[in-house]
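Open the model in your viewer and keep the selection tool ready. Each stop below says what to pick and what is there.

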Amino acid sequence: MRPAARRRGGCLSFGAPFGLIGAILRSAHRAAARLFAQEGEGRIEDRTVDRVQTARTVLGAAATIALILAYNVDPNRWEDAAYGGAAQLLVAPFVLIVAAPLVIVGFIYYAPRHLRPHVRSRLRAPLKAVGWYVLTLVVMSAILVPTALLVDADDGKSWWEYVLAVASLIVIVWGFPFFFMASLYSARSAFNSAQVHPMLPPVLTLTLVWVFAAFSLIGDGMPAGPPIVQFCSMLGGPLSVTAVSLWELRRMRHRFGVTLRA
């Protein structure tokens, strides 16, 4: 028998170029997914819904690009669009932290009286996810802010300055990717709210998208272009997300027998 072939580590192995970066990103991704993308008992896996959501996202991005190319003459339009998307991603968890309790209270109030204790008992997973997210922000701020204020590169460093510098390096190299992925998963899973009720994620998505639409209208005003294009650009995204979310809720009710009161 021939000896087994020696297995190569691949392009993301430690010895390959950028292998260490890949290992760091994988580690941050695993930690973020374990904390903020828990499926739980109430999560309904529906591949059809996932495909429709992906198609809506792709079509929405294509429509945004087309509108920018056709009507936006600002030379910094691509940079502004990228910053706007990143800002929404980072702000989404904070909006959920404010808005989700109101929606969850409505769910608990609407549930039958005998089911309310059961619904309240399932709040542990979302609260735990919110706690981890807030703790991440607190730890990162507690390390980076003192480092920026106290550590002087031109001065002789004491032992605690070296400790702060090493901790800041860890935050930048591992903490920032973890925080970005945690924000992505938190916005997608609405802080594991499906463990409370399967219908909570689409309802929270509805709330989130209309809050962002209102913020965009207040902050930036109407987009460029003719009136019909302005309204399509402003309302196309929220209305399409609303349509997909309502269809998902209807599919849960008719295909899986899930209702708001059960």
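A residue counts as buried when its relative accessible area is under 20%. Keep that cut-off in mind, and remember that this model is predicted.

**Stop 1: the loop between H6 and H7**

Select Ser-193, which sits in the loop between H6 and H7. Is Ser-193 buried or exposed? Its relative accessibility is 1%, so Ser-193 counts as buried. Now show what lies around Ser-193. Leaving out residues up to four places away in sequence, Ser-193 touches Pro-126, Leu-200, Pro-201 and Leu-204.

Step back to Asn-192, in the loop between H6 and H7. Asn-192 has a relative accessibility of 2%, so Asn-192 is buried. Check its backbone: phi is positive, about 60°, although Asn-192 is not a glycine.

Go on to Phe-191, also found in the loop between H6 and H7. Phe-191 has a positive phi of about 55° and is not a glycine either. With 3% relative accessibility, Phe-191 counts as buried.

**Stop 2: aromatic rings**

The model has six aromatic pairs. How are the rings of Tyr-133 and Phe-191 arranged? Their centres are 5.8 Å apart and their planes stand at 80°, so this pair is edge-to-face. The pair joins distant parts of the chain: Tyr-133 is in helix H5, Phe-191 is in the loop between H6 and H7, and 58 residues separate them. Tyr-133 and Phe-191 are both buried.

Next, select Trp-174 and Phe-178. This aromatic pair is stacked, at 5.1 Å centre to centre with 10° between the planes. Trp-174 and Phe-178 are four residues apart in helix H6, so about one helical turn separates them. Colour the two by accessibility. Trp-174 has a relative accessible area of 30%, so Trp-174 is partly exposed. Phe-178 has 6%, so Phe-178 is buried.

Now show the aromatic cluster as a whole. Its members are Phe-36, Phe-94, Tyr-133, Trp-174, Phe-178, Phe-179 and Phe-191.

**Stop 3: helix H1**

Select helix H1, residues 19–36. H1 has 18 residues. From first C-alpha to last, H1 reaches 25 Å, close to the 26 Å expected at 1.5 Å a residue. Which residues of H1 are buried? They are Gly-19, Gly-22, Ala-23, Ala-28, Ala-31, Ala-32, Leu-35 and Phe-36. These buried residues pack against H5 and H6.

The axes of H1 and H6 come within 8 Å and cross at roughly 35°. The crossing of H1 past H6 is right-handed. Zoom in where the two meet. The H1 side includes Leu-25, Ala-28, Ala-32 and Phe-36. The H6 side includes Trp-174, Pro-177, Phe-178 and Met-181.

**Stop 4: the nonpolar core**

Which residues have the most contacts inside the largest nonpolar core? Select Phe-36, Phe-178, Leu-200 and Leu-204. The core has 39 residues. Helices H1, H3, H5, H6, H7 and H8 each give two or more residues to this core. H3 gives the most, with eight.

Finish on Leu-200. Apart from neighbours within four places in sequence, Leu-200 is in contact with Val-103, Ile-104, Phe-107 and Ser-193. That brings you back to Ser-193, in the loop between H6 and H7.

How values were computed. Residues numbered from 1 in each chain as written. Predicted model: local features only at pLDDT ≥ 70, side-chain atom pairs only at ≥ 80, totals over all residues. Heavy atoms only, no water. Core = buried A, V, L, I, M, F, W, Y, C linked by side-chain atoms within 4.5 Å. Buried < 20%, exposed > 50% of the residue type's maximum accessible area, 1.4 Å probe, protein only. Contact = heavy atoms within 4.5 Å. Expected span 1.5 Å × (residues − 1). Phe/Tyr/Trp six-rings, centres within 6.5 Å; stacked < 30°, edge-to-face > 60°. Axes fitted to C-alpha atoms, helices over the stretch in contact; angles between N-to-C directions. Left-handed = near helix turned anticlockwise from the far one by under 90°.
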